[in-house]
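Please look at the structure below before reading on. The text then takes it step by step.

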Number of protein chains: 2
Amino acid sequence: MTGYAQPIKRLIRELGRLPGIGEKTATRLATFIMRASLEDAKQLAESIIEVKEKIRFCSVCFNLTEKDLCDICSDPGRDREAICVVEEPDALIAIEESGSFRGTYHVLHGALAPLDGIGPEQLKVKELMERLGGAVKEIIIATNPNVQGESTALLITRLLKDRDVKVTRIAFGVPLGGDLKYTDKMTLSKSIEFRRTM
Amino acid sequence: MTGYAQPIKRLIRELGRLPGIGEKTATRLATFIMRASLEDAKQLAESIIEVKEKIRFCSVCFNLTEKDLCDICSDPGRDREAICVVEEPDALIAIEESGSFRGTYHVLHGALAPLDGIGPEQLKVKELMERLGGAVKEIIIATNPNVQGESTALLITRLLKDRDVKVTRIAFGVPLGGDLKYTDKMTLSKSIEFRRTM
């Protein structure tokens, strides 16, 4: 990007700091922004600032919200007996969109990754423990089906061992609409291991 | 993205308007921006506004610049006898980085695409014609080697037919470092068609 004027270089550098955006994509996006109307560019810039200024964590479940309590935590219709534990807000959104859960959530904001310096203190684990007692009867661990998600699930299971709460894990298996011959070995082996009686 | 708070939805929508950024990528970028420091988010937002406010087109060649004349057009060391015509500023940058050209440029800001409503009036073609006369002896057409680039090259060649200027086109052929067995048929056929005597 040597030949570009200073403000363009700066924009390319800033865009290149976003995840998954390399120099080529950043240059393409910068070119687009330069061609867009000043109005459109301002809309984009403002929406970036607005999201930082208005969005915070729900004080109960750490979902993203504009208020102190998120829409789910403040909904009297939600079942407070079950808490579904997820790594990220996008997982919460995905489960909400499936329409299969009417309880509340707890967002950990990450998963254990000791090599990246992410231990239990970096996650909202302590805050989950503080929510126990009272109505809570079941903790459904919906961390991702990978090494980090599994170790996080084990950590939470261990911490809840002596507490009066049922701990469950979402099911692993062959995804619907998939084809067995294209399913990876690990998933197939899980789908056999967790087979259920018809 | 139904479940997200309003400012997040807005940011996802704004990011999703960028080229090649779908809803999933926009959501990932929005999540990153929400986690970044307010300082970093402000840097990004400011660089978007800055580029729109400071960058304009060179009044001669339509390259992007902060000044009235771009660095190349205002450099007395550049050869004014040859003008290299490109579609976009990134092509200009690429040729500059190759270090193989010491003349000046003309950026068309696009290529002919009648189906998308892009005719000669949408390109800086008239402005190229106005630069002729005086020192200019050669127009090197460096539009892209595809249908749009080729029809643009033909248009310019036709417009320059009766003008006292040599019109050339960059060479097409097998790229260096490539392997003939992986080179597409069109390129191979061009490399035979444009073969030169050793």
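The model is predicted. In chain A, helix α1 covers residues 6-15 and helix α2 covers residues 23-35. Their axes come within 8 Å and cross at roughly 125°. An angle over 145° would count as roughly antiparallel and one from 65° to 115° as roughly perpendicular, so α1(A) and α2(A) are oblique to each other. The crossing of α1(A) past α2(A) is right-handed.

Which residues of α1(A) meet α2(A)? On the α1(A) side they are I8(A), L11(A), I12(A) and L15(A). Facing them in α2(A) are E23(A), A26(A), T27(A), L29(A), A30(A), I33(A) and M34(A). Sorted by class, this contact holds nine nonpolar residues, one polar residue and one charged residue.

The next step is the relation between the chains. Chain B is superposed on chain A by a rotation of 179° with a shift of 0.1 Å along the axis, and the RMSD is 0.2 Å. This is therefore the relation of a two-fold axis. Within chain B, A45(B) has the C-alpha nearest that axis, at 2.1 Å.

The two chains also touch. Chain B gives 51 residues to the contact, and chain A gives 51 residues. Between them the chains bury about 4,800 Å², with 67% of this on carbon and sulfur atoms. In chain B, the residues that lose the most area to chain A are R10(B), I48(B) and K52(B), which together make up 13% of what that side buries. Of the interface residues of chain B, 100% are also interface residues in chain A, so the copies meet through the same surface.

How values were computed:
Residues numbered from 1 in each chain as written. Chains lettered and ligands numbered in written order. Predicted model: local features only at pLDDT ≥ 70, side-chain atom pairs only at ≥ 80, totals over all residues. Heavy atoms only, no water. Axes fitted to C-alpha atoms, helices over the stretch in contact; angles between N-to-C directions. Helix = DSSP H or I, 4+ residues; strand = E, 2+ residues; numbered from the N terminus. Parallel < 35°, antiparallel > 145°, perpendicular 65-115°, else oblique. Left-handed = near helix turned anticlockwise from the far one by under 90°. Contact = heavy atoms within 4.5 Å. Nonpolar A, V, L, I, M, F, W, Y, C, P; charged D, E, K, R; others polar. Least-squares fit on C-alpha atoms with pLDDT ≥ 70 in both. Buried area = accessible area lost by both parts, 1.4 Å probe.
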